Amino acid sequence: MRLEILPPDVNHSAWAFTIEGGRIRIGLGAVRNVGQAAVESLVKARAEGGAFADLMDLAKRLDGRALNRRVVESLVASGACDALGVERGRLFAAVGPLLDAAASLRREREAGQSSLFGDGGDASIGVVAPPLPDVPEWTARDRSAREKEVLGFYFSEHPLEPLRDEIGRIGTQTIAEAAELDDGAEVRVVALAGETKTINTKAGRLMGIVQLEDLTGYRMT
């Protein structure tokens, strides 16, 4: 329908999909492992304190009971934290240490401890965000694979996109086209092997079942 889809974003998304400037913004509720309580906590903190500056800012402003490591890793993998200005691979590796630092800050607040300067102000002054790990950046394939895991589809780029020209030369039909053909027709499709499983047939033979997906988004088994 030629509608522009915007990625999930901790500084813009709500729980559900929303309309933003005539475009559709993916809601955080679409991200696997991210529950409604976590999103409501995030949206409330954003409304009260403005956009999140970085992941440490997000972690220390949210309710620690709603925001655990699995939730944050899923947000990073989906691309929802891209606006925080750090490459996904480094941000993903930093989730654990950052959450630990934020938890330390919350414990200080709950204990009523004074700040580093003893002025009774925000205890965050005494908590320094740990440095980001020096790890390799995610490749385009890494990003796509992670998006598929937590969103159920590829958003940034389909892994086969760089091979589109070669696919056109090698394949005789797309999966969508092949699905319209009669049984027994010979086709050659270029696709990714997705879910696989093995079963025993009635004859007692082992058979493999593979789900294929191509650039059309259609799947065949």
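Helix α3, residues 69–78, is mostly covered, with eight of its ten residues buried; buried here means under 20% relative accessible area, exposed means over 50%, and partly exposed is anything in between, with a 1.4 Å probe and protein chains only. Helices are DSSP runs of H or I with at least four residues, strands are runs of E with at least two, and both are numbered from the N terminus. The model you're looking at is predicted, so local features need pLDDT of at least 70 and side-chain atom pairs count only at pLDDT 80 or more, while totals for chains, interfaces and linings use all residues. Residues are numbered from 1 along each chain as its sequence is written, and side-chain values use heavy atoms, with hydrogens and water left out.

Back to α3. Its buried residues are Val71, Val72, Glu73, Ser74, Leu75, Val76, Ala77 and Ser78. At the start of the helix, a side-chain oxygen of Asn68 comes to within 3.1 Å of the backbone nitrogen of Arg70. That is a polar contact, a pair of N or O atoms within 3.5 Å; within protein, one must be able to donate a hydrogen and the other to accept it, and residues adjacent in sequence count only if both atoms are side-chain atoms. Just after α3, Gly79 takes a positive phi of about 95°.

Follow the chain onward and you come to Ala83, in the loop between α3 and α4. Ala83 is partly exposed, with a relative accessible area of 48%. Not counting residues up to four places away in sequence, Ala83 touches Asp9 and Asn11. Ala83 and Ala51 sit 32 residues apart in sequence, yet their C-alpha atoms are 9.9 Å apart in space.

Asp57 lies in α2, residues 55–61, and is buried at a relative accessible area of 14%. What does its side chain reach? Setting aside neighbours within four places in sequence, Asp57 is in contact with Ala51 and Phe52. Over in α4, residues 88–111, you'll find Ala102, which is buried with a relative accessible area of 0%. Beyond its neighbours within four places in sequence, Ala102 is in contact with Met56, Ala59 and Lys60. Ala102 and Asp57 are 45 residues apart in sequence, but 8.6 Å apart from C-alpha to C-alpha.

Arg2 lies in the segment before β1, residues 5–6, and is exposed, with a relative accessible area of 86%. Arg2 has a positive phi of about 60°, although it is not a glycine. Asn33 is another non-glycine with a positive phi, this one about 80°. You'll find Asn33 in the loop between β3 (23–25) and α1 (36–49), where Asn33 is partly exposed at 34% relative accessible area.

Strand β3 itself holds Arg25. Is Arg25 buried or exposed? Arg25 is buried, with a relative accessible area of 7%. Its side chain meets that of Glu20 in a polar contact of 2.8 Å. Leaving aside neighbours within four places in sequence, the contacts of Arg25 include Leu6, Pro7, Asp9, His12 and Phe17.

Time to zoom out. The chain has seven helices and six strands, and from the N terminus on they run β-β-β-α-α-α-α-α-α-α-β-β-β. The radius of gyration of the chain is 23 Å, well over the 17 Å that the globule rule gives for 221 residues, so the chain is more spread out than a compact globule. That radius is taken over C-alpha atoms, and the rule is 2.2 Å times the number of residues to the power 0.38. Along the principal axes, the C-alpha atoms fill a box of roughly 80 × 45 × 30 Å. Of the 221 residues, 32% count as buried. Among contacts with a separation of 6 or more, 48% come from residues 24 or more positions apart.

Notes: Contact = heavy atoms within 4.5 Å.
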